[in-house]
Amino acid sequence: MKRHQFVFATLLSCPLLLAALWGVRAVAHNEVVNWRGDFEQARAEARRTGKPLFVVFR
Amino acid sequence: MVRPDDNELAQLLNEKFIPVRIVNFKGVDMNLFQFDYDLTFAVLMMNANGYTYSRFGTMDATQTTHRMSIAGLKKAMRGVLALHQQEQTKAPPTRPRFTLDDMPSYRRNRVAQEECAHCHYANNFRIKEWRAAGKFTKDMLFQYPLPENIGITLDVDNNNVVKAVLPHSPAQRAGVQAGDVIVRANESLVFTAADLQFVLNAVPDEGKVSLQVSRGGKVQPPMTLPLPKGWRKTDISWRPSQADIPPTVGVWMEPLDAAQKKQRGIAPDRMALRVTFLFRGEEWVKTRGDLQMNDVIIGINGEQLPHMNARQFHAHFRLRFNVGDTVTLNVLRGNQRINVKVPCLDVGSTL
């Protein structure tokens with residue numbers, strides 16, 4: 001991957017930039033998503049709570 | 001990817017799902033997480049057994065995000081929640097773990113020493129493995145065909161709702177209509193464009209796909225769409241996985257704008273790419289022949305090509321030519337039209 005492609009991909013991977021690209025405003029008081037970083041722990045939690053998993057790859 | 005002022009989305013994520021963010025592809029099981037690895041953003045909604053209900057996220061060569069919307073994402077999430085009530089015990093077929101480390105070409109590569117791995121490495125190194133085994137063909141680069149490849153444009157906010165059917169396409173011939181809701185492709189449920197692309201990805205050239213639609217609230221009998229040779233082909237210039245395939249001319253370019261083209265007597269819809277960067281390194285020098293900074297490439301082997309950017313030029317070049325070929329680039333240098341011969345070489349990978 002060339003340098004500028006890498007920079008572009010890196011920028012796109014930023015959640016806030018994606019939000020901006022989708023034409024949205026950041027409002028400080030809004031709910032924050034409680035992202036899990038460990039899939040296996042999240043999987044165990046999904047099993048325990050009966051909820052589905054929402055797995056995002058950036 | 002979450003709009004901070006969209007409480008509905010945040011609540012869906014926090015209250016109805018277990019949200020997980022994976023930012024490092026190292027150790028990720030590609031047999032569990034199957035999606036288009038070239039994407040910079042992809043979502044899998046699955047149950048605790050690892051059964052994937054739906055995928056979200058799609059891209060093309062024109063823009064990064066115009067095929068996705070928050071409305072579409074929320075709609076897909078609601079669809080998954082309804083399905084989850086019935087299918088939370090469903091499990092995917094058992095397959096052994098398969099990670100980047102299972103590929104020798106990755107293990108040997110310097111990037112294996114880095115802390116973080118990008119998702120697109122999955123494609124880059126799978127392609128390296130296929131090439132090393134002599135199993136690679138350039139047709140393999142046409143991954144995850146777009147719905148348009150079978151003649152369907154989907155509604156971005158409504159995911160699986162057909163917005164338009166392209167004339168004389170497989171979809172039109174099979175009877176798909178605007179307003180239809182695609183509920184199933186082959187055996188798989190379809191919530192999103194990415195779900196349809198996942199099914200299409202497994203369909204070979206000169207293959208067929210079965211679509212089942214809901215029309216006016218009534219599920220229709222499945223329709224079979226025969227897909228002709230070449231149906232998978234599309235503009236793949238945005239894909240990181242194709243950028244490693246030789247041959248490449250070792251320059252970067254910027255397209256001339258309409259005024260610059262007019263000044264040089266070039267039609268606005270024709271390719272005109274000004275060389276703005278020469279790749280560094282001895283190995284790249286030979287790949288560009290006598291090509292120089294500010295040269296404007298206006299054709300290949302005497303053929304004028306449609307307007308394109310540098311990425312599209314490189315993709316076109318590597319799909320059309322093979323290592324060992326010699327290609328003549330038609331070039332404007334100042335006011336002179338000249339031909340520059342470039343050899344098609346394999347200078348190794350950037351990865």
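## Chain A

Of the 58 residues that make up chain A, 24% count as buried. The model is a predicted one. Chain A holds three helices and one strand. Read from the N terminus, its elements follow the order α-α-α-β.

## Chain B overall

Chain B has 351 residues, and 40% of them count as buried. Its secondary structure comprises nine helices and 16 strands. The radius of gyration of chain B is 23 Å, close to the 20 Å given by the globule rule for 351 residues, so chain B is as compact as a globular protein of that length. Along the principal axes, the C-alpha atoms of chain B fill a box of roughly 70 × 50 × 45 Å.

Contacts in chain B can also be sorted by separation in sequence. Among those between residues at least 6 apart, 62% join residues at least 24 apart.

## Domains of chain B

Chain B is divided into two domains: domain 1 covers residues 147-226 and domain 2 covers residues 246-343. The C-alpha centres of domain 1 and domain 2 of chain B are 38 Å apart.

## A sheet with strands from chains A and B

An open sheet of four strands takes in β1(A) along with strands of chain B; the order is β1(B)-β1(A)-β2(B)-β3(B), and the pairing is mixed. At the edges are β1 (18-22) and β3 (52-56) of chain B, each of which pairs on one side only. From one strand to the next, the twist averages 20°. Strands of a sheet pair through backbone hydrogen bonds, in either a parallel or an antiparallel arrangement.

Strand β2 of chain B, residues 42-46, runs antiparallel to β3(B), and four bridges join the two. Within this pair, Leu44(B) has Arg55(B) in β3(B) as its bridge partner.

## Leu13(B)

Leu13(B) sits in helix α1 of chain B, which spans residues 7-16. Around Leu13(B), 21 other C-beta atoms lie within 10 Å. A residue is buried if 20 or more such atoms lie within that distance, and Leu13(B) is therefore buried.

Leu13(B) can also be placed relative to a residue elsewhere in the chain. Lys74(B) is 61 residues from Leu13(B) along the chain, and the C-alpha atoms of the two are separated by 9.6 Å.

Key. Residues numbered from 1 in each chain as written. Chains lettered and ligands numbered in written order. Predicted model: local features only at pLDDT ≥ 70, side-chain atom pairs only at ≥ 80, totals over all residues. Buried ≥ 20, exposed ≤ 12 C-beta atoms within 10 Å, placed from the backbone. Domains from an automatic or database assignment. Pairing = 2+ DSSP bridges. Axes fitted to C-alpha atoms, helices over the stretch in contact; angles between N-to-C directions. Rg over C-alpha atoms; globule rule 2.2 N^0.38 Å. Contact = placed C-beta atoms within 7 Å.
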